[in-house]
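This report reads a protein model from its overall composition down to individual side-chain pairs. Please keep the sequence and the coordinates at hand while reading.

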Amino acid sequence: MFNAVLGLALLHGETFSWSEWRVYPSFMAGWLLLGGGYFLLIGPLRHRFAGAHPVPAKKVASFVAGLALMFVALQGPMHELSDYFLFSAHMVQHLVLILIMPPFLLYGTPDWALRPLVRRKWVGRIARALTLPLVAFALNNVIFLAWHFPGPYDLMMRDHGVHVTMHLMIMVTGTIMWWPVMSPLPELPRIAPVLQMVYLFLVGIPMMISAALITFSQTELYGWYVEAPRIVPGLSALEDQRLGGVIMWVPGGLTLWLAITFVYFRWTQRERRLDEGVSLRQPAVSRSGLIVPPPYPQG
């Protein structure tokens, strides 16, 4: 027991500073590959894709915002706080990677860049299966919840390779989770707007149950943070754990409700435009019930 505690103490031999930004080569290699690949696709390599068209500036800005969110969540102060000091910071990190970053990346991805992949028979079959709403829902929640059991959680905190694997898993399954709502590709279509709202509501339920269990726990669940230095005066390991549960519960739930609100207004605006288009195509009717012919063009 003493050796285990001593090992944790040595692993926590870190100091924290908001002004110190550490970047890690393993992350930077993947991050630059993703960002560089995107700009190559929409720039010099675009002419190689059938039906490719220039990507609007707002979509490019969205993808760049997604990359920026990934960088801030996984490097610098957030990385240090999450990995060595605060469970609550780790929950902020996970919410960014699962609920906030993926919609920005999906919105910024052009359909023509993905189409050659899904036209490969086996890739298309796998992609269609993974992006079914029920499968996407299950993948995201099972992976997220499994990693937040005390055993797997402490394992990933002690092993950097396992930790990196966990982050990759939650980012990939988080992106798949958003696909039925934010799909950029007609071949893997979004579900109907009403179903999108129901889907987003249901997505949050398992996360909220997990958050409630963490928040109301009477004991510390994660040994890694019990041994972590207390860098916030007065914030014990149990209080930090409860704060992390509240972050998962309240901001996480609010993020999904904001997404539901966005889907609702996007849907109603589309319906209104369709209604206006129909009314413009129909002939005008006078008060007596007679159809009024359109005016002859001037000149």
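## Basis of the model

The model is predicted, so that local features need pLDDT of at least 70 and side-chain atom pairs count only at pLDDT 80 or more, whereas totals for chains, interfaces and linings use all residues. Residues are numbered from 1 along each chain as its sequence is written, and side-chain values use heavy atoms, with hydrogens and water left out.

## Overall fold

The protein contains 13 helices and zero strands, where helices (H or I, at least four residues) and strands (E, at least two) are DSSP runs numbered from the N terminus. Read along the sequence, the pattern is accordingly α-α-α-α-α-α-α-α-α-α-α-α-α.

Of the 299 residues in the protein, 42% are buried; buried means under 20% relative accessible area, exposed over 50%, and partly exposed in between, with a 1.4 Å probe and protein chains only. The accessible surface comes to about 16700 Å², and 72% of that area belongs to carbon and sulfur atoms, the areas coming from the Shrake-Rupley method with a 1.4 Å probe, and only the protein chains shown counting as cover for residues. Among contacts (heavy atoms within 4.5 Å) between residues at least 6 apart in sequence, 77% join residues at least 24 apart.

## The pair α2 and α3

Helix α2 (residues 25-42) and helix α3 (residues 57-74) have axes that come within 11 Å and cross at roughly 175°. Axes here are lines fitted to C-alpha atoms, for helices over the stretch in contact, and angles run from 0 to 180 degrees between N-to-C directions. The two helices are therefore roughly antiparallel to each other, given that angles under 35 degrees count as roughly parallel, over 145 as roughly antiparallel, 65 to 115 as roughly perpendicular and the rest as oblique.

On the α2 side, the contact involves F27, M28, W31, L34, G35, Y38, F39 and I42, which meet K59, V60, F63, V64, L67, M70, F71 and L74 in α3. By class, this contact has 14 nonpolar, one polar and one charged residues, with Ala, Val, Leu, Ile, Met, Phe, Trp, Tyr, Cys and Pro counted as nonpolar, Asp, Glu, Lys and Arg as charged, and the others, Gly among them, as polar.

## Salt bridges

The count comes to three salt bridges, each defined as a side-chain nitrogen of Lys or Arg within 4 Å of a carboxyl oxygen of Asp or Glu. In one of them the side chains of R22 and E80 meet at 3.6 Å, N to O; R22 lies in the loop between α1 (2-11) and α2, and E80 lies in helix α4 (residues 76-85), 58 residues apart. R22 is partly exposed at 25% relative accessibility, whereas E80, at 4%, counts as buried.

R115 forms a salt bridge with D111, with the closest N and O atoms 3.3 Å apart, and both residues lie in helix α6 (residues 111-118), four residues apart, about one turn of the helix. R115 also pairs with E187, the closest N and O atoms being 2.5 Å apart. Because E187 lies in the loop between α10 (160-182) and α11 (193-215) and R115 in helix α6, this pair ties together parts that are 72 residues apart in sequence. Through shared partners, D111, R115 and E187 are joined into one network. R115 counts as buried at 15% relative accessibility, while E187 is partly exposed at 32%.

## Q196 in α11

Q196 is found in helix α11 and is buried, with a relative accessible area of 3%. Not counting residues up to four places away in sequence, Q196 touches P180, V181, R190, I191, V263 and R266.
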